[in-house]
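Subject: Structure handover

Hello,

Here is the structure I said I would pass on. My notes on what was found in it follow below.

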Amino acid sequence: NALRKGGGAVSVTGCVDAQKWHMAYGLGDGYKFKIIATFSELHAREAYEQFRAYDRNTFMYPAKDLIFYQADIHGNQQTKERIRVLKRLLQKKPITIVTTFDALMAPQVPLSVYEESVISLKKGNEVNLTELSEKLVALGYEKTYQVEAPGQFAVRGDILDVFDLTEDNPVRVELWGDEIESIRSFDVESQRSIEVLTQVQIFPAMEMILSKERKERGMQTIETEADKQYDLFRKAFKTEEAHRIKQQVK
């Protein structure tokens, strides 16, 4: 009742492990958007697996990996999980987000940035394939000869294949000139069509979406700061450090 009346936080203690998620599901009944936050990634994964038995709209939102060698090990799986949550929120569908306090405390890119970056393709609409390819690259997609994994796209004549990072199957967009003639999802292995679509939305394959102008401003800022640091090192007769700064920026 306190939750329904907006009475603030409610603390529930004394539940054994088998009861916790049943109790959490009962307390959250009726709410469209729910968050379960815990103290560690391992505990969050366990909570995610157990809570999915009660709510199929449960998604894992891991903390962003700031250690590069760990990011290499995980590949794009963490990015895929995080963007899948953002996609669900943008679509305003019911969702239970299981995450950690680290993920909640980290700075987030505004949802509006993702919303503006979503590519919408509809049968009958006209598109410029060159501009569309450039936009896909800007959104983090890798151009390949043939799509084989999420986050890739390929262009062959008037055919565009895109494997949305958050989807299980890629889509094939066939053009007649600049007009979209057909859209269909297909199986990667057999290349056979799965479903004919009238429209499709392609979500970003990366979290930090940078326009060409933002990248240029960023590089200019790096160069300006590097020049200042180079001068400071030279004045302090730290020639080795000054040389290292120049080489790194170059």
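Predicted model: local features only at pLDDT ≥ 70, side-chain atom pairs only at ≥ 80, totals over all residues.

Strand 8 covers residues 171-176, and strand 9 covers residues 179-186. The two pair in the antiparallel sense over six bridges. One point to look at is Val171, whose bridge partner in strand 9 is Ser185.

Strand 9 also pairs with strand 10, residues 193-197. These two run antiparallel as well, joined by four bridges. Here Ser185 has Glu195 in strand 10 as its bridge partner. Ser185 is therefore bridged to Val171 and to Glu195, under the rule that strands pair if DSSP finds at least two bridges between them. Strand 9 and strand 10 form a hairpin too, with six residues between them. In that turn, Gln191 has a positive phi of about 65 degrees.

How much of strand 9 is buried? Six of its eight residues are, which leaves the strand mostly covered.

**Charges over rings**

Arg172 lies over the face of Phe186, at 4.3 Å from the ring centre. Elsewhere, Lys246 has its charged end over the ring of Tyr230, 4.8 Å from the centre of that ring.

**Aromatic pairs**

The count of aromatic pairs comes to four. In one of them, the ring centres of Tyr25 and Phe51 are 6.3 Å apart and the planes stand at 65 degrees, so this pair is edge-to-face. Tyr25 belongs to helix 1 (residues 17-27) and Phe51 to helix 2 (residues 41-51), so the pair ties together parts that are 26 residues apart in sequence.

Phe51, at 1% relative accessibility, counts as buried.

Tyr25 also pairs with Tyr54: the ring centres are 5.9 Å apart and the planes are at 25 degrees, so this pair is stacked. Tyr54 lies in the loop between helix 2 and strand 2 (58-61), while Tyr25 lies in helix 1, so this contact ties together parts that are 29 residues apart in sequence. Tyr54 has 33% relative accessibility and counts as partly exposed. Together with Trp21, the residues Tyr25, Phe51 and Tyr54 form one aromatic cluster.

**The chain as a whole**

The chain contains nine helices and eleven strands. Its radius of gyration is 23 Å, well over the 18 Å that the globule rule gives for 250 residues, so the chain is more spread out than a compact globule. Taken along the principal axes, the C-alpha atoms fill a box of roughly 65 × 60 × 35 Å.

Of the 250 residues, 33% are buried. Among contacts in the chain with a separation of 6 or more, 53% come from residues 24 or more positions apart. The chain exposes about 16,400 Å², and carbon and sulfur atoms supply 52% of that area.

Regards

Note on methods: Residues numbered from 1 in each chain as written. Heavy atoms only, no water. Buried < 20%, exposed > 50% of the residue type's maximum accessible area, 1.4 Å probe, protein only. Phe/Tyr/Trp six-rings, centres within 6.5 Å; stacked < 30°, edge-to-face > 60°. Lys NZ or Arg CZ within 6 Å of the ring centre and 35° of its normal. Rg over C-alpha atoms; globule rule 2.2 N^0.38 Å. Contact = heavy atoms within 4.5 Å. Areas by Shrake-Rupley, 256 points an atom, 1.4 Å probe, with all protein chains shown as cover.
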